[in-house]
Amino acid sequence: MYKLFLCLRYLYKRRIVFFAVGAVCLCVMMVLIVISVMGGFLNMVKDRSRGMLGDLIVESTTLQGFPFYEEFIARLKAEMPDEIHEATPVIITFGTLRFPRNGMTKPVQVVGIDLEETYRVNDFKEGLFYEKYYPGTTHFERQQEPYLGLTKDGQIALPPELEAARRRWEANASPQEIADAWRDQRLLLEVEADDLPKELNRGRIPAGLKRAFENRLFQLPDKVEVAVAKKGKKWLLRHAYGVNTIQRDGDKLKVYYSAYTGPGYFAEPESPLSREGPGWQGRPLPGVILGTDLCAERLRTGGYARYCRRGEMVALAVIPFNPKGGFQEGTGFLTMPLRYVDDCRTGVYDIDSMSVYVSFEQLQDIVNMTAFVPDDRDLDELASEPEGAAATRPSGPAVPARTTQVQIKLKPTVDTRDKVMAARNRVQAIWERVSSEGLAALRDAPNVLDRIEGPVSWVKVQTWEEKQARYIGAVEKEKYLVTILFAVISVVAVFLVGVIFYMIVQQKTRDIGIIKSVGATSLGVAGIFLSYGAAVGVVGGAFGTALGTVFVWYINEIQDLLIWISPSAQVWNPEVYAFDRIPSEVNPSDAIGIYIAAILASVAGALIAAWKASKVWPVEALRYE
Amino acid sequence: MSDVILQATGLHKSYQLGKVSLKVLKGVSLTLQRGEFVAIMGASGSGKSTLLHLLGALDIPDAGTVRFEGRDIFAGGSRARDRLRNATFGFVFQFYHLLPELTVLENTLLPCMVGNSVWSWFSRRHALRRQATEMLERMGLKERLRHRPNELSGGERQRVAIARALANRPRVLLADEPTGNLDAATGREILSVLKSLNEEGQTIVMVTHDPLVAASAHRIVSLVDGRIAARQEAPKAP
C-alpha cells in the first residue's frame with residue numbers, strides 16, 4: 001500500500017520530478033508527431049501510387065511492348081466480370097518535348113492512353129487542371145488554340161464553348177472550390193490616380209506602379225513584358241503570367257491580378273485593347289496532356305503558375321522500335337506537333353515533371369506498334385520489284401499490335417489483400433492462356449513468331465504495391481529510420497529521469513531509512529521508486545500523447561501561424577513536397593505503443609535509483625539529523 | 001512460558017571506520033521481562049544505540065543472539081526482520097524522523113500501510129485510521145491531524161513519532177534518546193507519556209545518557225566500553 005501512497009505523494013510534492021514528467025512529455029510528443037507525419041506521408045504516397053496505376057499492372061518493361069493485348073483484355077472482361085471493373089492498354093516510351101515559343105526542350109516519358117478508359121481505371125481525371133474547371137473540354141482530337149477577347153459588353157472572356165464549360169463547373173462547385181480557383185484574382189491594392197502611368201510602357205514596370213506593389217503579397221517580377229494602356233476608365237496591365245486590370249474608381253485605382261476571372265492561362269489577342277471577340281486560332285492539331293511540373297512552376301501557396309498557354313503548340317519526338325527492339329529501318333526520332341490541352345498532377349514529382357500523355361492510337365501508330373506484315377525480302381528481291389503503285393505488298397500473317405502495359409481496375413468488392421492476390425493469379429493464368437493460344441495460332445509463320453516470342457515471355461503481372469514496392473519501401477524505410485532516430489534521442493529522457501531520481505534518492509536517504517525502520521522491505525522500497533518512475537511515465541506520457549495528438553491535428557494551422565510570424569518558417573513547402581498539406585492524422589495504435597514505451601522507459605530510468613534506495617541501511621540513514 | 005519477552009545473549013558488534021575496526025559491543029547479554037521499562041545508559045559512543053538497534057532487528061550483530069519470546073530474531077532472514085520491525089517492535093528516535101511530505105495522521109499510519117497490501121488496506125482503512133486518530137488524540141494531537149511535521153513543535157513531533165511507533169500495537173517499544181532533542185519541560189512530558197504507556201503494560205526499552213531521564217525506568221542498564229557495567233533497580237520501581 002505504502003508504495004502506491006508514497007509514489008503518488010512524491011509525484012506532486014517533489015517539484016523536481018516535474019522536469020522528468022516534462023522531459024517524458026516532450027519526448028512522447030516528439031516521437032508521436034514524427035511517427036504520425038511520416039506515417040501520414042507514407043499513406044498519401046501509397047494512395048497516390050495506387051491512384052495513378054490502377055490495381056493490377058500487366059507489363060513488359062521493354063520499349064517494344066507485347067502483343068495479344070486486345071484478346072487478353074477481351075478475355076479478362078469476359079472471364080472475370082465480377083472482379084474486373086476496367087482494363088486499358090497503355091504504351092510507355094521515351095522522347096523529348098519542345099516548347100517552340102520559348103525554345104525549351106525537355107526529356108519526357110511518353111504515355112499513350114485511352115482517355116475515357118483511363119478515367120475509369122485510375123485517378124488520372126482528378127489530377128487534370130482544365131478538365132476540372134472546363135469539364136468535357138479535354139480531349140486528344142485535333143483542335144485549335146483558344147484566345148481571350150472582349151465580349152460586346154466589355155468583359156474579357158474565352159470562346160463560348162469554354163465559357164459554357166466553366167459555367168457548368170461553377171454550377172456544381174462549392175463556394176470553397178470557387179474561392180480556391182479564384183484565389184489569385186483578389187483586389188490587391190488601390191493606388192492614387194497620380195501614380196498612374198502617363199503613357200504606354202514596354203519592357204519595364206512603371207515606377208509608380210512598382211512602388212505601389214511593394215510590400216504586398218504579390219510581387220511583380222522585375223523584367224516582364226508590360227503593356228499598360230487606357231481604355232475608357234479601365235487600365236490593363238499585362239505581364240508574363242496573365243492579364244491584370246487596373247480599374248479607376250473615382251480618383252482611386254483598383255489593381256486586380258487578373259482581368260480574366262476564370263482559372264488557367266490563355267492566349268490573348270495581339271493588343272489587349274483589341275475589339276475582336278474571343279476565338280480559336282492556329283491549325284488543328286491533336287491534343288497532349290502534360291505533367292503539371294513540365295509546364296508550370298509550383299508556388300508556395302501550393303498552386304501553380306503555368307507558363308504554357310492552353311492550346312499552345314508543343315513538339316513531341318519519339319523513337320519507334322521494331323518488335324525485336326531494334327530501330328525501325330530508315331527512321332530516327334519522329335516528331336509530332338501537338339496542342340497542350342491540359343496538365344495532370346498525380347502528386348509524384350518524378351511523374352509530373354516527366355510525363356506526357358497522348359492518345360493511345362496515335363502513339364501506337366507513330367512508334368510502329370500497330371499490326372504489320374513483316375517484309376523479309378532481301379535487297380535484291382526488292383530491287384527487282386517494279387517501282388511505285390505496282391510494287392507488291394508483303395503478304396502472310398501479320399505481327400499483332402503491341403502495347404507496353406495493361407492497367408486493370410478491380411471492382412470494389414475485391415477489397416482484401418488475399419482477394420487482390422487471387423485476382424492477380426487469375427489474370428496471370430488468363431495471360432498465359434491467351435499468349436500461348438496466340439503463339440500457337442502463328443505456328444505456321446516463323447517470321448512472325450521470331451519477332452514476338454521474346455516480347456511475350458517478358459510480361460509480368462503485378463499488383464500496384466508490387467510495382468511501386470521500391471518507392472513505397474523507400475518511404476517506409478525512411479519512416480522507420482526517422483522514428484528510430486527520434487526514439488534514440490528520447491533516450492535522453494530516460495537519463496534525465498535517472499538523474500532526477502538519483503537526486504531524489506540522495507535527498508531522501510533518511511526517509512528511506514525511516515520507511516525501512518517501520519518494516520518496509522528492500523524490494524518494497526525499490527518498488528516505491530519503480531512505481532514512481534512508472535507514474536512519471538504515465539503522467540508525462542498522457543500529457544505528451546494528448547499534446548502530440550492536438551499538435552498533429554492542428555499541425556497545418558501551426559505552420560500557418562509560423563508563416564504568419566515569419567514567412568521563412570515554412571517547414572512543409574508545397575514547392576518541394578507533392579502534397580499541399582502536412583498529413584495530420586494520428587494512428588491510435590502508434591499512440592498507444594509510444595505511451596507504453598514511455599512508461600517502460602521511465603521505469604528503466606528509475607532502475608538505478610531504485611536499486612540504490614533498496615541498498616539504504618537504515619541504521620546509517622537514521623544516525624544523524 | 002516465562003515472562004521473558006526479549007533475551008539478548010553475547011552480542012558483539014563492530015564498525016569499520018576506514019581501516020580501523022571499532023568494537024562497539026563486546027559481549028552484551030540482557031534479559032527483558034514483559035511489561036518492563038528498562039533504561040540503557042552510557043556515555044556517548046558506549047554502544048547503547050547499537051544495542052537498541054540490535055534488540056529491534058534494525059541491525060545485525062557480528063556474534064550473539066537476540067530471542068524474542070524464545071525465537072531467534074536473526075534466524076529468518078531480512079524478510080522476517082522487516083516483519084518484526086513492522087509489527088513487533090516500535091522505534092522512537094531522538095530526531096523524530098517523520099516524513100516531511102506526509103501529514104501527522106499519514107505519518108502515524110505509515111507502519112499500517114507498510115504492513116498491508118493495497119487490498120487489505122482498502123478493506124481495513126477506516127478501522128486503521130480510527131485507531132491512529134485515537135492514538136494521536138491520546139497524545140494530545142487531536143487538532144494536528146492534518147498538519148505537516150514542519151508545522152509542529154519538537155515535543156509534538158516526538159509524540160507523533162511515538163504514536164507512529166505504537167500504530168501496529170508493537171510488543172516492545174524501543175526509544176533512542178526520546179528526550180535528547182527537547183527542552184527539560186517537554187522532555188518530562190514525553191517521559192510521562194512513556195510511563196503511562198508502560199503502566200498499561202507496554203514493554204519499553206529506552207536509551208539515554210541523562211540519569212534524570214533514566215530514573216523514570218524500572219531498571220537501568222549501564223553500558224561502559226561495550227559491556228554491561230552494572231544493573232540497578234530504579235528507585236521509584238513499582
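Q: Before we start, what counts as buried, exposed or partly exposed here?
A: A residue is buried if 20 or more other C-beta atoms lie within 10 Å of its own, exposed if 12 or fewer, and partly exposed in between, with C-beta atoms placed from the backbone.

Q: And what sort of model is this, and how is it numbered?
A: This is a predicted model, where local features need pLDDT of at least 70, side-chain atom pairs count only at pLDDT 80 or more, and totals for chains, interfaces and linings use all residues. Residues are numbered from 1 along each chain as its sequence is written, while chains are lettered from A and ligands numbered from 1 in the order in which they are written.

Q: Where does Asp225(B) sit?
A: Asp225(B) is in the loop between strand 9 (219-224) and strand 10 (227-233) of chain B. Helices (H or I, at least four residues) and strands (E, at least two) are DSSP runs, numbered from the N terminus.

Q: Is Asp225(B) exposed or only partly exposed, and why?
A: Asp225(B) counts as partly exposed, because it has 14 C-beta neighbours inside 10 Å. Its phi is positive, about 50 degrees, although Asp225(B) is not a glycine. Most residues other than glycine have a negative phi.

Q: What about Phe68(A), buried or exposed?
A: Phe68(A) is buried, because 25 other C-beta atoms lie within 10 Å. Phe68(A) also has a positive phi, about 65 degrees, and is not a glycine. Look in the loop between strand 1 (56-60) and helix 3 (69-79) of chain A.

Q: Switching to helix 2 of chain A. How far apart are its end C-alpha atoms?
A: They are 54 Å apart. Helix 2 (residues 17-53) has 37 residues, so at 1.5 Å a residue it should span 54 Å, which agrees. The expected span is 1.5 Å times one less than the number of residues.

Q: What comes just after helix 2 of chain A?
A: Gly54(A), with a positive phi of about 85 degrees.

Q: Which residues touch the most other members of the largest nonpolar core?
A: Val24(A), Phe529(A), Ile40(B) and Val205(B), in a core of 124 residues. Helix 2 of chain A gives the most to this core, with 15 residues. A nonpolar core is a set of buried Ala, Val, Leu, Ile, Met, Phe, Trp, Tyr and Cys residues joined through C-beta atoms within 7 Å.

Q: What does Val205(B) touch?
A: Its partners include Leu32(B), Ile40(B) and Val172(B), not counting residues up to four places away in sequence. Two residues are in contact if their C-beta atoms, placed from the backbone, lie within 7 Å.

Q: Now the interface. How many residues of chain B are in contact with chain A?
A: 25 residues of chain B are in contact with 20 residues of chain A. On the side of chain B that touches chain A, the largest share, six residues, comes from helix 2 of chain B.

Q: How confident is the model in chain B?
A: Chain B averages a pLDDT of 87, and 95% of the residues score at least 70. pLDDT is the predictor's confidence in each residue, from 0 to 100. The model scores ipTM 0.91 and pTM 0.69.

Q: Where does pLDDT stay under 50 in chain B?
A: Over residues 234-238 of chain B. Where pLDDT is low, the predicted coordinates should not be read in detail.
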